[in-house]
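Here is a short tour of how the chains of this assembly meet. Have the structure open beside you as you read.

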Number of protein chains: 4
Amino acid sequence: MAKSRTGIWLIGAKGGVATTAILGLCALRKKLIESAGLVSSLPRFENAGLADWSDFVVGGHDIRAGSLFEHAERMHTDNKAVDPDVLARVKPDVERIDKNLRPGVLVNVGEAIEEFADKKLRRVRDTPRSAIERIRQDLAEFRKQHKLAHIVVVNVASTEPSADADELPPRWKKLDKLLDKPKKCRLPASSLYAIAAFEEECSYVNFTPSVGGSPPALRELALERGARQAGFDGKTGETLLKSTLAPMFAARHLEVMSWVGHNIFGNLDGKVLAQSPNKKAKAAAKDRLLRPILGYMPQTLVSLEYIESLGDWKTAWDHIHFRGFFGTPMTLQFTWQGCDSLLAAPLVLDLVRFSERAWRAGEIGTLTFLASFFKTPLDCEENDFGRQFQMLEAWCDGVGAKAYVGK
Amino acid sequence: MAKSRTGIWLIGAKGGVATTAILGLCALRKKLIESAGLVSSLPRFENAGLADWSDFVVGGHDIRAGSLFEHAERMHTDNKAVDPDVLARVKPDVERIDKNLRPGVLVNVGEAIEEFADKKLRRVRDTPRSAIERIRQDLAEFRKQHKLAHIVVVNVASTEPSADADELPPRWKKLDKLLDKPKKCRLPASSLYAIAAFEEECSYVNFTPSVGGSPPALRELALERGARQAGFDGKTGETLLKSTLAPMFAARHLEVMSWVGHNIFGNLDGKVLAQSPNKKAKAAAKDRLLRPILGYMPQTLVSLEYIESLGDWKTAWDHIHFRGFFGTPMTLQFTWQGCDSLLAAPLVLDLVRFSERAWRAGEIGTLTFLASFFKTPLDCEENDFGRQFQMLEAWCDGVGAKAYVGK
Amino acid sequence: MAKSRTGIWLIGAKGGVATTAILGLCALRKKLIESAGLVSSLPRFENAGLADWSDFVVGGHDIRAGSLFEHAERMHTDNKAVDPDVLARVKPDVERIDKNLRPGVLVNVGEAIEEFADKKLRRVRDTPRSAIERIRQDLAEFRKQHKLAHIVVVNVASTEPSADADELPPRWKKLDKLLDKPKKCRLPASSLYAIAAFEEECSYVNFTPSVGGSPPALRELALERGARQAGFDGKTGETLLKSTLAPMFAARHLEVMSWVGHNIFGNLDGKVLAQSPNKKAKAAAKDRLLRPILGYMPQTLVSLEYIESLGDWKTAWDHIHFRGFFGTPMTLQFTWQGCDSLLAAPLVLDLVRFSERAWRAGEIGTLTFLASFFKTPLDCEENDFGRQFQMLEAWCDGVGAKAYVGK
Amino acid sequence: MAKSRTGIWLIGAKGGVATTAILGLCALRKKLIESAGLVSSLPRFENAGLADWSDFVVGGHDIRAGSLFEHAERMHTDNKAVDPDVLARVKPDVERIDKNLRPGVLVNVGEAIEEFADKKLRRVRDTPRSAIERIRQDLAEFRKQHKLAHIVVVNVASTEPSADADELPPRWKKLDKLLDKPKKCRLPASSLYAIAAFEEECSYVNFTPSVGGSPPALRELALERGARQAGFDGKTGETLLKSTLAPMFAARHLEVMSWVGHNIFGNLDGKVLAQSPNKKAKAAAKDRLLRPILGYMPQTLVSLEYIESLGDWKTAWDHIHFRGFFGTPMTLQFTWQGCDSLLAAPLVLDLVRFSERAWRAGEIGTLTFLASFFKTPLDCEENDFGRQFQMLEAWCDGVGAKAYVGK
């Protein structure tokens, strides 16, 4: 089966992660940067039949004013994370992508996000139904215009306030009816995008902790339409380390008494989070994995604080207090200093490549083999990063073998 | 097959690791401490048919003067690592074990070790052959006196200067003949103990970086006699973390540019090492695993320094400088503060339990499924701690299943 | 003027800091411990004419049940911070001191503190006036019974909820009248103790962030009665480092952009604070000094979190993000791991010695030369620890010189 | 007395510190950067009558090929420490300064330094005398051409191998005679530059640990000629922190048991040091201050290691193990991450400004009031950074007051 052109549709296309992914994709095509940071470029996966960087076309939604390139430039001006020479050389490509961007949806995104939306957009009064229709039209038009075989929709927008998914009807039929009743339907924008993506038979990747496609009714819809989804919340730093280190404590029978993690960062994500009612939920998600890995829950503390001077450079300090033989307390501390967008963006590109491959391989529903990319992997009980990565290897070995047989 | 009494023979029985293992074993039997730190006590292994703590009898060799209890007390007085109440309650048990100790061997151990040997012992002039004979007699007598079905010999003596194993004849027959020629035979004490253990059909575990049973001629001997060995160099701190974290960098395609590790500690091991010509070799061993895990060798630096005030509390600071997307440098630092003997001693007890189980299961030669316990696992290419641990799980599941079938 | 017996009256005498100070005083007298940690024992101050350890008699108030020794033992059982041998040897002395303890006062101390008070005590209904009277009687009786020339009252009780001192009448006469009107008088217990101390012409040291003797009306009272006070909030860890490091950044013109400090600890103080409405105030006090030292206010963040497993071992992680030449950001991080009571207790003894000396030297009012001991030194603008210490040196040189002349 | 043009003569003018100082001076004049990092720009010193940035003319010696701007660019290309826009805007100024550079001297600089010298220069055969003469001519010509009232010579060249200053004759007359006997005179280049500077009545600042003007015979010469000197070894990172933190431990009577410092960095200085026989001496200098500050010598360890990936970004990890009350051990750790040239360069400009002011104020000999800038301040016993800084304040207040009176 020949590879064909695939769309990458970024929700929050002008944000730090999206613009870095766009800059990266353009730079990879022009061979201006190396493949460091890209999981899908590991020699380990070279027989998995993944698409080439040149096979992708980028579009997306965003609620902000300003050109895509202006937003992308910040990775240099604010964060010294992208070389100005590279920026200059990919400028025309970025400007071409900018033409594929469409205005986003503000339904139930919360005040913190609304605050930085384009003024014109804030005047639009969408119902859930009309928003979904608008998104579907944008996707369909993108597909038609660029003759795309498939589209992977990726949510990299700011985190929404946590919605209570339990209150939603569990079946799609019932939920569908609510979409015309704005006052009764509390579905946030991230879920409306997911619905549109599923109805358009796209793959949907939720790189954020927002609700997205996770409610049961939406999972039903995805299966029904033969769509794929993966999520949620990209695992880029502290939680990556937790899911790597906690199995070591478990394997050595070292009892973790307390695990304290303090995260400081100064990007927009941090700013939105600082004001957001779901900061607590986000923090909790960073701890959730400890109980299944350790088999018990130590005292934990996670703080996420907005420190402006750090920009996109996230610093995490973790203090792990554990008990060994004779019950004697010992300590592991670590400090992780990384540029958040540079850690996240390549994973977005990886998820697109693996999702597209899964579409070609005929997978539908939740792509559990992508668990290693997420803080809270959907439909997956494995929280040990090493074992999650082995799931990815196994799946790729499988499709690689099948592809070979098919030749 | 019924479990029967098993001997634990500790080489370096008065050292920190050995005395802590002894105190721990006695305390476990009296239920004075919990099982934290013991891998073999994980629920995961409860169907593996491991021996009970009450099944073991302890003996050993040491070159130092002073009673076993005096040495054991230091874990409280110097390191505040063992509760004085526990010490008091196991005192009679420790004193009973002391009667099973025999004077050790000083052949080719190097000046640093000789320095703290009992004066009387320093006057003994052993040839390699006579030393082996003496050790064999001690083991045979121990077996007979306590009616032991099996003995596991564990080397927890101070690190010897590195010997050039390449100069040794590769076949046992030739090496055997050299044992009568002290001047031509550079085999260090650790190897003489290994030979004696193999000839007595014991299991031999090398918890140190000394040569021990690793030369090809000795592996041949082990197989010939149906003995088992495992080694070498217990993985308790910094290297444990390296073998846990390096796979994460590899899986995420984050390029490690440099990995710097500084270790400071104030125990006898540190003192011997500080003067030892093989400090460099020890340091190198702590880095060796990076190339196979990462697929390339970053710049590395390992220092091991004796800082008296720290006693047995080892502190490691590691600085990992890596490159992500767009080649941008980022940093992970960690500080590990642990009591060395408390980290090592339970692993010694684990290794004894797993080795004894392997003996009952009919295994001979190198026990590669024990790789997760060692810095440089013999006959094993796997360096990823998580995958090494899966080897242990798989082996235990296997013997567990067989045992179940056999019932 | 001959030295004579001096009383140390500890408010919160059964708490961690007080019991450690008591154990320390007893151990110093019996020469069981060295003088490390005691500022007043520095050779620098040996000519200042300070009282000997044998010159002091200890008494105090507390609201808890349980014997003093039981509370003191925790420094070993919970925190491994005091040797059990030392504990055993000073037990009779501690029991003798226990006889000097009296039940404390619960007026306006807040729920968190009331919760661990002795049940009997919780039934007592004190008015501010009656509480003061009771305290005065206890002090007077203590003085008489032990023939004391002077008493130094030290507040080492748990932190009270912050009271709005601004609402109090600024003159003593007016405030005095409110003492009979419990509903109109919001003075917390710490201030009632201070009033009693001033009226009894004692010295009063406030080692906590509670209001104590700081309201203007109480300062007036202190001066009127010729009493002395010093405070407030002992500087033992993170703030000590802040007042040491911030002057370095200022002197080097390195612009501090943000200073983040995370404090984790598991002692009672931490537990009370975790529930307390004045946690925020406490945190703010730890930052206040940055503006006067730096000349501007960087973004700051201070968190204080109760992590049970740490016991009295406080760990602070500070991340200082600063800008040097060309505006380039750089970072200093530190981790401070100390036993809180062991850091605080010797300062309590120092403050008693210096206060007693000030009484002999005829000082009245606020003892500003003690600024180096406090987070928020009363009546003192100097926040640089080094310069604060020079104030102590200068004062001691002064009384030393006078004492010499007087001979 | 009116300010007039002053020369800054940089030895090692193409090195990281010098080029950063040059870029900084040019950028300050054009108001492209702010004054952060410059001690002399603190409001505290605005009445000290210091020269303006526009009053200086730059020249210097270097042994390397390549244009000054090429070398300066590395601060952006290698270290991301200087903005490329700023670089572009000061390029013409830097090129003008390049014309004032002259080939340096290679007498006794050691192999590591010779290795990167311009090939042509390596063929020159200087005697000490001829080298001094050449330097003097360069300085005289510089003074004449730019009509300079005064020249401040600053040594920022790579560290030379340590020379045994004790073997030199203590009097200038005798040493002077040796200058014609290359085989008997082991004076390194840094001292020849110092001699030339003194004979030309310049101010000489030694920002490196090289011998420079420190031998007694050279101090005699400096006084005789009415020259000034200051040194040695700029205090920019770990030692700055040591001289700030050690006084805190001393003041609190906390007994430092061990102080371990590991420094990793990847600049040329690190490379030269890695090969240099005086690495040990450099390391020792970083510890020397502990004894005078603490009053005793703890166990110390200092390592300086070349880690290429770090470039000019120096990371220091210090582990301070101290004993408080009851002898209980506690720990302070810090990590300092700074760009070495950005920390050092502004201090070079400060030292020039203060030295020029001292010349105008009529000072001769060692400028001890500059102690706070150096690891090993010449002729000064004060090692506490805070107190050293007070010496600077006092001197400036003094000249400020005099200047005021003179108006």
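This is a predicted model: local features need pLDDT of at least 70, side-chain atom pairs count only at pLDDT 80 or more; totals for chains, interfaces and linings use all residues.

Buried area is the accessible area, with a 1.4 Å probe, that two parts lose on being put together, summed over both.

**Size of the interface**
- About 4800 Å² is buried between chain B and chain A, and 67% of that lies on carbon and sulfur atoms.
- Three residues, B:Arg252, B:Phe325 and B:Phe326, supply 20% of the area that chain B buries against chain A, more than any other three residues.
- Chain B brings 60 residues to the contact, and chain A brings 60 residues.

**Polar links**
- The interface of chain B and chain A holds 2 salt bridges and 19 residue pairs in polar contact.
- B:Arg387 and A:Glu393 form a salt bridge through their side chains, at 2.9 Å from N to O.

**Who takes part**
- On the side of chain B that touches chain A, the elements giving two or more residues include helix H1 (16-29), helix H14 (340-360) and helix H15 (385-406).
- Strand S10(B) gives the largest share of that side, 11 residues.
- The residues on that side of chain B divide into 38 nonpolar, 17 polar and 5 charged.

**Strands across the interface**
- Strand S10 (residues 329-339) of chain A runs antiparallel to S10(B), and 7 bridges join them.
- Within this pairing, A:Thr331 stands opposite B:Gln337.

**Relation of chains D and B**
- Chain D superposes on chain B by a rotation of 180° with 0.1 Å of shift along its axis (RMSD 0.1 Å).
- This is the relation of a two-fold axis.
- The copies meet through the same surface, because 100% of the interface residues of chain D are also interface residues in chain B.

Terms used
Residues are numbered from 1 along each chain as its sequence is written. Chains are lettered from A and ligands numbered from 1 in the order in which they are written. Side-chain values use heavy atoms; hydrogens and water are left out. Copies are superposed by least squares on the C-alpha atoms of residues with pLDDT of at least 70 in both. Contact means heavy atoms within 4.5 Å. A salt bridge is a side-chain nitrogen of Lys or Arg within 4 Å of a carboxyl oxygen of Asp or Glu. A polar contact is a pair of N or O atoms within 3.5 Å; within protein, one must be able to donate a hydrogen and the other to accept it, and residues adjacent in sequence count only if both atoms are side-chain atoms. Helices (H or I, at least four residues) and strands (E, at least two) are DSSP runs, numbered from the N terminus. Ala, Val, Leu, Ile, Met, Phe, Trp, Tyr, Cys and Pro count as nonpolar, Asp, Glu, Lys and Arg as charged, and the others, Gly among them, as polar. Two strands pair if DSSP finds at least two bridges between them.
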